[in-house]
Amino acid sequence: MNVGVLDRPVAMSAYRVPVAFLTLGLVLVASVVVAVGFGRVPISAADQLAIVVDRLGGRSSTIDPRLASILLEIRLPRVLLAAVTGAALATAGAALQGLFRNPLADPYLVGVSSGASVGAVLTLTIALPPTLYAAGVVQLAAFVGAVGAVSVALLLARAGGRTSVPSLLLAGVAVAAIGGAVSSYLLFFHGERIFAAYAWLLGGFNAADWALLGRVALPVVASAVGLVALGPSLDLLQLDEDAAKALGLRVEGAKLATIGFASLATAAAVSAAGLIAFVGLVAPHVIRILVGPEHRTLLVLSAIGGGAFMVLADLVARIALPEGDLPVGVVTAAIGGPFFLALLWSRRGQLA
Amino acid sequence: MIGPGIAIHRAWVTVGDRALLADVTLQLRQRELIAIVGRNGAGKSTLLRLMAGFLEPSRGEVVLEGRPLRAIAAGERARRLGFLAPARLPSPAGYTVRQVVGWMRFAHHSWWRATGADDASVAYAIASLELTGLAERRLDTLSDGERQRVWLAGLVAQDTEFVLLDEPTSHLDPTHAIESLRTIRSWATAGRGVAIVLHDLDAALAVADRIVLVDGGRIAFDEPVARVPLDELGRRLGIRLAEITLDGRRRVLAQGLGGA
Amino acid sequence: MRSGVRSLLLVLALLVGACTGAAPASPSLVPTAAPPSATPTPTAVATPLTIHDDAGRSVTFTAAPKRIVTAAPSATELAFALGLGDEVVAVDKYSNYPPEASSKPSIGSYIDPDLESIVGAGPDLVLVTDVHLAKLVPALEARQIPTVVMSAKDIEGVYADLLLLGRISGQLEQAEALVDQLRARVARVEQAVAGATPVRAFYEIDPTLYTAGPGTFIDDVIRRAGGINIAAGATTAYPQLSAEEVIRADPEVIILADQGAGVSPDAVRARQGWSKVSAVVNNRLVVLDPDIASRPGPRIVDALEQVAHILHPDRVP
């Protein structure tokens, strides 16, 4: 019997997955509760309780309506948007790592981020009428830019009705470079608008509201459901394409659907929250260590874990410094970067 | 004109103006094992991929039980026809033997359902290849021989009428190679139609019912083992063959190694 | 079913309470105990006042604002200049002038101020700049919080912002008086430099040679101070010049607004190839406090006086 060190992470006890589901689910709920509890404006526990009870009872409240508004219309949608965004990035990251069979794949790989940046920077550097900004033109442009960039990369990578995954990777890099150049060009010639664009590029959940949350959650939830349904197909794609085809997988359809759903989720997240690093890269790795690589479980738990991580990162971003918010991307990178290094260190030699 | 099983009729596969296969006609019925032999680049793998439906013939046709292969949906095809090139398969990290064998049941479920690691046929396939003790082990921690058994167990689980295998014994030591070929032979005896691409001519003669020699994109001959023209076989492969008889079967040895 | 959902939410609410009960020393910036109605009786404005701000938005006021949040240092300086310091209830964290502004609660970075802190301050006026048009302004509009964009592009624009804020706050007379004073100081500078040979000036915003081009208040200041901005012909507002361009333009004075980036006159003198530039030859490398020169508020006139002194020390003491 060949029982050794390599076998340790192998033994997948039957209750490991349910335990992970339960634990991560509780962590997510607890994160949301804690994150709603704290903010820059202190609201006492009693007041929070009264606000929630009064709102649920439909009663007019005795609490300062400003506090109710902060709790229910600013903080709650902000926290939920963080959860949805984290879930979107982690799910998309897990799916693309599977599709590309590359542990370094992240949701921004195929041009989503640079496309979104071009859209956002464009609308932020050319001075548009204020009503357009109020109508969400920046988010719309970021979304269109993201989807557009992925479409271009896909178009470049397709030949004869098939999509070559390595070509897609290269096309994504090229599209990202071009997008980066366009963004830089726009910023260079509109230096006076650089702060507005910079604020978007830093990313974050400030100024979220229920309407924005709704616009983001819809595509994210739809894509996440789609990706989870594609889980078994992503497992098969870990073999070579002939083998997957021989097992009855419509390989081309599975690839396109994976890229489509992952990009849709990422585009929706990025359009609302800007570019937030590391969540989509790190969260799937953590989940993989916990429950193994099978994609259906991996995708669902990545969504839950990514959501919780983002909620907590945003909480830290909001309350860490007395004088104001940190960009949440700084927090995710500060936690995710060292974590990722530790992960690589502990698994050195195991990554072929 | 076109019989049962998988039938290729006067098919051409061309890339640009180069013919990978030229005017090929071949039939694989159930309950038989054919071995496809030939030099590297002769078109053996192309022929197998044509039979699997991965390639469209530019002329001619490929049919499965009378229906054009391209008209058969991916799922149905995968329930009737298995294909594997074990030597070319990666062993994705972290998956258990049971999970990977379960993937082979993909076509037996609706596409969104998890693959069938919990199916009875997976348990049977694992048991039949004597993998029960390894079922929860990670694929990437197995030896080459163990992993070969996993792929064969997968083909058992896939439970198809026809099985196509590209070089199933390369990278295997003689023990595992013989073990694999015995398993594959037993499938044909039990009623499946099996085609394998092999470089080992002696092994081909030992297990196959028919030998198909591919040379330069054409089928040079397609003969029952007893009638294989060994002189032509040797000439086309550029080696000299010595015929022997073992356990009542024709076998061959390659000459030219050793001696002067 | 409904009651099930409701009790679940109740449990959540209890958890929320439990958590905040243990709240650590909170950044606690903002008076929360004072709902708007508790503020002193507003001086009633006879009729609703509708104004147009620097972004062309129209905003209507029914009473003079009593709780003002300023989201940019320039806005803070405008408000304090009109004696509205007591009405300012929160400022962005870069607002450091006048000094008492620093002690006001912070709403975070000017670039992306925290919405919760702003709303928590209970403002009836938020002064912002065009940086905030895309994100903050829509969020405040959605909450019916009057928001006014103040983004002056030249000295006249600063006057206009002061008068606008004066009208809104019921301090129009004070605003007019202040603007008259500022106009008089500007006129004195302009008279002093009138007829003098214009001096070529390079205004260095950062060590990679970003500068202020046409359409900026710095360009306006240099021109009025009797200078020629060597970047006046640039095609963008804040262009980056190459060292070649600067050396060819041969500025007689270099104004360094980048001491924060460690740039001193010595550092400029040490630059390769700059030794023949007139400003270096004649040792006319002057450091200017960028806070004064980069904020389109009333201290822009201070900047004008300082720049005029730098360019024409003989005429402007």
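**Notebook: chains, sheets and salt bridges**

**Entry 1. Chains.** Two pairs of chains are in contact, and chains A and C share the most contacts. I note that this is a predicted model, in which local features need pLDDT of at least 70 and side-chain atom pairs count only at pLDDT 80 or more, while totals for chains, interfaces and linings use all residues. Residues are numbered from 1 along each chain as its sequence is written, chains are lettered from A and ligands numbered from 1 in the order in which they are written, and side-chain values use heavy atoms, with hydrogens and water left out.

**Entry 2. Where chain B meets chain A.** I recorded that 31 residues from chain B and 28 residues from chain A take part in the contact. The two chains bury about 2700 Å² between them, 62% of it on carbon and sulfur atoms; buried area is the accessible area (1.4 Å probe) that two parts lose on being put together, summed over both. On the side of chain B, Tyr95(B), Trp103(B) and Phe106(B) lose the most area to chain A, together 21% of what that side buries.

I then counted the pairs across this contact. There is one salt bridge between chain B and chain A, the term standing for a side-chain nitrogen of Lys or Arg within 4 Å of a carboxyl oxygen of Asp or Glu. Arg49(B) forms a salt bridge with Asp242(A), and their closest N and O atoms are 2.1 Å apart. For the secondary structure I used DSSP runs numbered from the N terminus: helices (H or I, at least four residues) and strands (E, at least two). The elements α2 (74–80), β6 (81–84), α3 (97–103) and α5 (144–158) of chain B each supply at least two residues of the side that touches chain A. With four residues, α2(B) gives the most to that side.

**Entry 3. Sheets of chain B.** I looked up two sheets, taking two strands as paired if DSSP finds at least two bridges between them. One is an open sheet of four strands in the order β2-β1-β4-β5 (chain B), with antiparallel pairing. Its edge strands are β2 (18–28) and β5 (67–68) of chain B, each of which pairs on one side only. Strand β1 (residues 6–15) of chain B is joined to β2(B) by seven bridges, and the two run antiparallel. Within this pair, Ala11(B) stands opposite Val24(B) in β2(B). Helix α1 (residues 44–52) of chain B packs on the sheet and touches β1, β2 and β4 (59–64) of chain B. The direction of α1(B) makes about 60° with that of β2(B); axes are lines fitted to C-alpha atoms, for helices over the stretch in contact, and angles run from 0 to 180 degrees between N-to-C directions.

The other open sheet has six strands in the order β6-β7-β8-β3-β9-β10 (chain B), with mixed pairing. Here β6 and β10 (218–224) of chain B are the edge strands. Neighbouring strands of this sheet are turned by 15° against each other on average, direction ignored. Strand β9 (residues 210–215) of chain B pairs with β10(B) in the antiparallel sense over six bridges, and Leu213(B) stands opposite Phe221(B) in β10(B).

**Entry 4. Salt bridges elsewhere.** My search of the whole structure gave 50 salt bridges over all chains. One of them joins Asp114(C) to Arg78(A), with the closest N and O atoms 3.5 Å apart. This pair crosses between chains, from the loop between β4 (88–91) and α3 (115–120) of chain C to helix α3 (residues 65–100) of chain A. Both Asp114(C) and Arg78(A) are buried; buried means under 20% relative accessible area, exposed over 50%, and partly exposed in between (1.4 Å probe, protein chains only).

Arg80(B) counts as buried at 15% relative accessibility, whereas Glu76(B) counts as partly exposed at 22%.

In chain C, Arg224(C) forms a salt bridge with Asp220(C), the closest N and O atoms being 3.2 Å apart. Both residues of this pair, Arg224(C) and Asp220(C), are buried. They belong to a network of salt bridges that also links Glu156(C), Arg183(C), Glu190(C), Asp219(C) and Arg223(C).

Conventions:
Contact = heavy atoms within 4.5 Å.
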